[in-house]
Amino acid sequence: MLSRTAENLFWLARYVERAEYIARTIDATLRVTALPAAYIGKTNEWESALLTAGASRSFYDTYAEANEHNVVEYLSFNPANPSSIRNCIEQARLNSRAVRTALTVEMWDTINGAWIELQEVWSKGTTSREELARFLRFVQETSLRFDGSAYRTMLRNDAYWFSRLGVHLERADNTARILDVKYHVLLPDEEQVGGPLDFYQWRSILRAVSALTAYHWVYRETLKPWLIADLLILNDSLPRSLASCYDNLARNLDQIGVAYGRQGPAQRHARGVRNRLEHSHMDDIFQRGVHEFIQEFIADNARLGEIITKQYLV
Amino acid sequence: MAVAFDEMNDPGGDIRQAYSELSRWLKETPPDALHYRRQEAELLFRRIGITFAVYGDAEAQERLIPFDVIPRILSGKEWVILEKGLKQRVRALNLFLRDIYHNRDILRAGVIPDDLIFQNPVFRPEMNGQGVPHDIYVHIAGIDIVRVDAEDFIVLEDNARTPSGVSYMLENREIMMRLFPDLFARHRIAPVERYPDELLAALCSVAPRSASAEPTVALLTPGVYNSAYYEHSFLADKLGIELVEGRDLIVKNEEVFMRTTEGLKRVDVIYRRVDDDFLDPLTFRPDSVLGVPGLMSAYAAGNITLANAVGTGIADDKAIYSYMPEIVKFYLAEEPILKNVPTWRCREPRELAYVLDNLADLVVKEVHGSGGYGMLIGPAATKATIEAFRDKLKREPEGFIAQPTLALSTCPTCTEAGLAPRHVDLRPFVLTGRDRTTVVPGGLTRVALKEGSLVVNSSQGGGTKDTWILDE
């Protein structure tokens, strides 16, 4: 297929995944901040939401204060924020138009429909929490529909695999980012472990990656920080864990390699990261430092994006 | 201006035969039902994303062309004549182009003045002596046809460069079949859906000799911001070929390749929807980012077929248009089946004088214009507009032609006040491949939605209709 088509499919999937992640981050933050102040402590959850969304630097070009109104507006609708949900959906639609021939009708319909709704219903943003909740649900449902229609209607060929690469690369980045911002509350030797603040922070992390219920199914225990870290980093049965993302990345790249009859640096790099995750234990990671581990992972993940681009997309 | 020819009702108040069943159906169908179907149609169009862009209109970057649900109907007998006339016309266009870029018999015979060709900015000296596969220059033609009475079909314009609109012919039919299955059941309507197959066959048949047995065809688009982008992606999809932009292509050793995830892949035929000027920055406009550097060298080497060929603009130029009856006779020794609109060439002083004296009654068009931009419709224009045009004409008479204001035929059309006659034209699409020329029975009917308006262009508020050719 055309390199540009593959590139568009890859980024289309990334934008949709990113929109969902930002919606989940806002949703999780709203839940924490709805608690009485005694439970939250002194941290500014909206500041932390910005960090998680990777938007904290540019935010202050537009706003002076990281409060609910400003952050929600910036992350959801602000045109100056390249990763705002609105920009993600607009970019996704632009990418879709450019590769319409590679999309199934159902996928096009999802993106085009979301874009129309964005213009017709959400052009002025949201004015109440109820509206905001509806908006966030709309974004998450768009992502689910997009993912579902890709899964159910796309031919299993390179178009599908490049689209999946986008999903998993973006997802791995998002999960790693939330871990990077919140890693301090996951450290086992943190003071006040098990205090109300931590408990709600943990819940909010799990909620942001839609893993709250999964946690209970996997561990059948109350929330423990190292188990949360284990779930999000190493447990390959959780779709948003780093391990699962890299299982998928390595497999999809392998499928492309087989179809094209040629393996390359992207395949080797993805396998390398996957193998490292497979052979890691939480104890070692804590000993070496969660922060360092995550930082290294984020760099590795970004590197994979560059290698894929060089090998296939230009 | 004469009373317009009404395609459904004859002057005696009877319904013409082709419309008899539709007329009965309209009487049985409550107005509400029509209104409801109209809304449904609009929703479908928006969902599918069939839009076009209006240049210079930021608000309406993507707009829907209004779709009128009342079909325009031609009888099988009428179609037979039209089809014959279209094939004749396109054959003549191809022979003319071959001649202009080679022997120039027609110039030597004095049928057309030399300077009309050589002074013409759409004449491409790069094409002099350059062969094209099977001498076909115009693979896809869109010939704009109007009617003023029951007898004749008149050609308003030949579009031999990159005619658009065929996606509407196909999508309008799809949507009509979804919305009005009962109405279809009551007619025998010639299908249009084989157009993509015919187009692909025509394109493959003109592949260069160096191509493999299964030539690779690609559609070259200027990109998502082009007003016809939807059509480009629609056609690429229907043909099952890659939709490429200039940046996807690269020329190496006078061959054209596209950049794919598996490396470079040779392309043999390009159905290009990019104008000549932008095709190759090394040959034409150096500032073009839409084109492919070196494309013309591969073309000259005979390693790529461009459809349509470079330089076809010289055949659909509005000044050349006025010579079409002579062109048909010169190459085919036949009487033209389709008529021309009488045309005054403002480049000729005597004709200019007549035009200046009668501006208020004439339509004046730019020789190189299209899309309904930059034209004067005398009877509908204000005094000031006419005077402004008079100055333009005097300053640059060779840039204009003038024609009488035609009373374009009308078809019943949905309006706020119920069904009413509106002026229409028709653009059928003529395909030419190695062995044959085909016209899929149908075309794009454009309708001027404003009462009394004669401008059918979508950029000027025109709409479209499904066009039915009855299979009798």
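Which residue of strand 7 of chain B stands opposite B:V251? In this predicted model, the residue of strand 7 of chain B opposite B:V251 is B:V256.

Four bridges link strand 6 of chain B to strand 7 (residues 255–260) of chain B in the antiparallel sense.

## A covered strand of chain B

Strand 1 of chain B spans residues 67–74 and is mostly covered, with eight of its eight residues buried. The cover extends to both faces of strand 1 of chain B. On one side the buried residues are B:F67, B:V69, B:P71 and B:I73, and on the other they are B:D68, B:I70, B:R72 and B:L74.

Strand 1 of chain B runs parallel to strand 21 (residues 462–469) of chain B, and five bridges join the two. Within strand 21 of chain B, B:I469 is the residue that stands opposite B:L74.

## Residue B:E171 and helix 6 of chain B

B:E171 lies in helix 6 of chain B, which covers residues 166–179. Is B:E171 buried or exposed? B:E171 counts as buried because 20 C-beta neighbours lie inside 10 Å, and the cut-off for a buried residue is 20 or more.

B:E171 and B:I469 are 298 residues apart along the chain, while their C-alpha atoms are separated by 16 Å.

## Helix 9 of chain B

Helix 9 of chain B, residues 229–239, is mostly covered, and nine of its 11 residues are buried. The buried residues of helix 9 of chain B are B:Y229, B:Y230, B:E231, B:H232, B:S233, B:F234, B:L235, B:A236 and B:L239. The elements that cover these buried residues include helix 6, helix 8 (195–205), strand 4 (217–220) and strand 5 (242–244) of chain B.

After helix 9 of chain B comes B:G240, which has a positive phi, near 70°.

## Two packed helices of chain A

In chain A, helix 6 (residues 85–98) packs with helix 7 (residues 105–120) at an angle of about 135°, and the axes are 9 Å apart. Helix 6 of chain A is therefore oblique to helix 7 of chain A. The crossing of helix 6 of chain A past helix 7 of chain A is left-handed.

From helix 6 of chain A, the contact is made by A:R86, A:I89, A:E90, A:A92, A:R93 and A:S96. From helix 7 of chain A, it is made by A:W108, A:I111, A:N112, A:A114, A:W115 and A:L118. Sorted by class, this contact of helix 6 of chain A with helix 7 of chain A has seven nonpolar, two polar and three charged residues.

## Where the chains touch

How many residues does the contact take from chain A and from chain B? There are 16 residues from chain A and 17 residues from chain B. On the side of chain A that touches chain B, at least two residues each are supplied by helix 1 (3–33), helix 6 and helix 7 of chain A. The residues on this side of chain A divide into eight nonpolar, three polar and five charged.

Terms used. Residues are numbered from 1 along each chain as its sequence is written. Chains are lettered from A and ligands numbered from 1 in the order in which they are written. This is a predicted model: local features need pLDDT of at least 70, side-chain atom pairs count only at pLDDT 80 or more; totals for chains, interfaces and linings use all residues. Axes are lines fitted to C-alpha atoms, for helices over the stretch in contact, and angles run from 0 to 180 degrees between N-to-C directions. Angles under 35 degrees count as roughly parallel, over 145 as roughly antiparallel, 65 to 115 as roughly perpendicular and the rest as oblique. A crossing is left-handed if the near helix is turned anticlockwise from the far one by less than a right angle, and right-handed if clockwise. Two residues are in contact if their C-beta atoms, placed from the backbone, lie within 7 Å. Ala, Val, Leu, Ile, Met, Phe, Trp, Tyr, Cys and Pro count as nonpolar, Asp, Glu, Lys and Arg as charged, and the others, Gly among them, as polar. A residue is buried if 20 or more other C-beta atoms lie within 10 Å of its own, exposed if 12 or fewer, and partly exposed in between; C-beta atoms are placed from the backbone. Two strands pair if DSSP finds at least two bridges between them.
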